[in-house]
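Please read the following note with the model open beside it. Each numbered point takes up one topic and may be checked in the viewer.

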Amino acid sequence: ARVPAVSVMHIEAVREGHQSEGLRKHGAAFPARHCFTLVFKGKRKNLDVAARGEEDARHWVQGLTKLMGRLQAMSQPEKLDQYPLAELRGWIHGVLQRADRNKDNKMSFREVKSMLRMINIDMDDVYAYKLFKECDRSGNERLEGWELEEFCRRLLRRPELEELFGRYSGEDRVLSPEELRDFLRDQGEDASLRQARAVIRTYELNEKARQQDLMMLDGFMMYLLSAAGDILNQEHTKVHQDMSQPLCHYFISSSHNTYLTRNQIGGTSSTEAYVRALMAGCRCVELDCWEGSDGEPVVYHGHTLTSKILFRDVIESIRDYAFKQSPYPVILSLENHCGLEQQATMARHMKAILGDMLLTQPLEGQDPHDLPSPEQLKGKVLVKGKKLPEQRHEPQAVTSLLDHEEEEEEEEEEEEEEKLQERSRRRVRALPGLWYRGTPAKDASQVAPELSDVVVYCQAVPFPGLAHALRHPRPCEMSSFSERKARKLIKEAG
């Protein structure tokens, strides 16, 4: 099949070998060294590729990696100079194909209005037609090629920035270093003439103006729309806080039903969903673990039509991507519906696959009454789950360890989810010739010692009440709340 053209700007990563879910499942016919995967930004699916030979694959991977590195290192003006025209043409071509009803590669005014709707621009018809006529240099009531590009450029005009520029530049419509300094100071920056000149030399697009330390409108807009003109402090795009406090002093970026790629009922479960969550900076991912065939636990949204993925494949993906975006600890939140045997299998997989990454013992020299800090836990994977009391060596029924309040909390917590799942259950039962499956194993209410042993700092327990928790703090224990329970606590003891 013909693959559509792809911009390097849209590639997020290049993975060598059988590192994608697609190649792991279907790539056995091709040697791993011949294969690579392009991972795209946004929701676009991965592209798995098999080259003719190992050398071809290596050239592609090295070439794309080099191009991506160059692009990342480019300054804003360099990017504008090298890429936007190609980008704009590619974007126009895509929209044109959809809006061009008669497929003549030309846009009538009616088709232009259709295009505007596609890109969510609600424009007055009179103004839109005025722009259309101004760009229709050929006068044939059709826009094509550069005419359409010019139309799109006009759409990108920012009158409010033009007004701001005019206010500071005066009649000559050019900013001197002094005028730019005044603007920067009015924005609350402690700017000097030297800094103003540096801004001009970095962002002014016209070479003659740049040589004379002058800034024109395009350069001014380039500066304001760059990262340097962002209201967000660029220091805050990376970790800048004190990371030596106890773990419970931080908000932790968490994911719910991490394995799902689309909806909660019939969506696809995929290891790629874990990769994307971790690469987005997520530090706590959820694994809903159920009994699988051949003794292998699976991850999926229980009692629904969502597809299943192997627990061990999920752990492999977490191993490969847990610390690419951030060095700070990753928490695996286990929702366990497996029997004792497959729970032990889960523990074995985590130990074998994660190795030294998996935290299985409290940190040496750490006060047991305090949680360690994210700094101390760098590069470590923590397991959140239920833990057996230390004095007990035989598997115990979880229900014997919990009180009535936790059972009530768990019921509340899952109430909303069960409503959603019940609709799916009815749908499954209605299909002829299908048995309804998905119940947990008969001993899923018990905790296997092997799984209990890998739970260290994130022990899931029933909430004992605020008064008791304040009198008897146990930093390694944590509780979950339904929204109803949380609102009740806020109301009664906020």
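In which loop does N257 lie? N257 lies in the loop between helix 12 and helix 13, where helices (H or I, at least four residues) and strands (E, at least two) are DSSP runs, numbered from the N terminus.

1. Basis of the note. This is a predicted model, in which local features need pLDDT of at least 70 and side-chain atom pairs count only at pLDDT 80 or more, while totals for chains, interfaces and linings use all residues. Residues are numbered from 1 along each chain as its sequence is written, and side-chain values use heavy atoms, with hydrogens and water left out.

2. Overall make-up. The protein chain has 20 helices and twelve strands. Of its 494 residues, 39% count as buried; buried means under 20% relative accessible area, exposed over 50%, and partly exposed in between (1.4 Å probe, protein chains only). Among contacts (heavy atoms within 4.5 Å) between residues at least 6 apart in sequence, 63% join residues at least 24 apart.

3. Positive phi angles. Most residues other than glycine have a negative phi. N257 has a positive phi near 50° although it is a residue other than glycine, and N257 counts as buried because its relative accessibility is 2%. R173, also not a glycine, has a positive phi of about 55°. R173 is placed in the loop between helix 8 (159–169) and helix 9 (177–186), and it is partly exposed because its relative accessible area is 40%.

4. Helix 8. Which residues of helix 8 are buried? They are L161, E162, L164, F165, G166, Y168 and S169. These buried residues pack against helix 9 and helix 12. Just after helix 8, G170 takes a positive phi of about 75°.

5. Strand 7 and its partners. Strand 7 (residues 330–336) is mostly covered, since five of its seven residues are buried. Two strands pair if DSSP finds at least two bridges between them. Strand 4 (residues 284–290) runs parallel to strand 7 and is joined to it by six bridges; here E286 stands opposite S333 of strand 7. Strand 8 (residues 381–385) is also parallel to strand 7, with four bridges between them, and L382 in strand 8 is the bridge partner of I331. From strand 7 the chain crosses through helix 15 (residues 340–354) to strand 8, and this β-α-β crossover is right-handed. The term applies if, with the strands pointing away from the viewer, the path from the first strand over the helix to the second runs clockwise.

6. Nonpolar cores. A nonpolar core is a set of buried Ala, Val, Leu, Ile, Met, Phe, Trp, Tyr and Cys residues joined through side-chain atoms within 4.5 Å. The largest has 33 residues, of which L287, I318, L332, L334 and M350 touch the most other members. Helix 13 (271–279), strand 4, helix 14 (311–321), strand 7, helix 15 and strand 8 each supply at least two residues of this core. Leaving aside neighbours within four places in sequence, M350 is in contact with residues including F311, I315, L332, L334 and V383. Another core, of 19 residues, lies apart from the largest one and has L161, L164, F165 and L180 among its members.

7. Aromatic pairs. How many aromatic pairs does the structure hold? There are ten. Rings of Phe, Tyr and Trp (its six-membered ring) pair if their centres lie within 6.5 Å; planes under 30 degrees apart count as stacked, over 60 as edge-to-face and the rest as tilted. The rings of F109 and Y129 are edge-to-face because their planes stand at 80°, with centres 5.1 Å apart. This pair links distant parts of the chain, with F109 in helix 5 (residues 109–118) and Y129 in helix 6 (residues 125–135), 20 residues apart. F109 is buried, at a relative accessible area of 17%, whereas Y129 is partly exposed, at 33%. Y203 and Y223 also form an edge-to-face pair, with ring centres 5.4 Å apart and planes at 65°.

8. Charges over rings. A charge sits over a ring if NZ of Lys or CZ of Arg is within 6 Å of the ring centre and within 35 degrees of the ring normal. The charged end of K308 sits over the ring of Y300, 4.3 Å from its centre. K324 lies over the face of Y321, at 5.5 Å from the ring centre.
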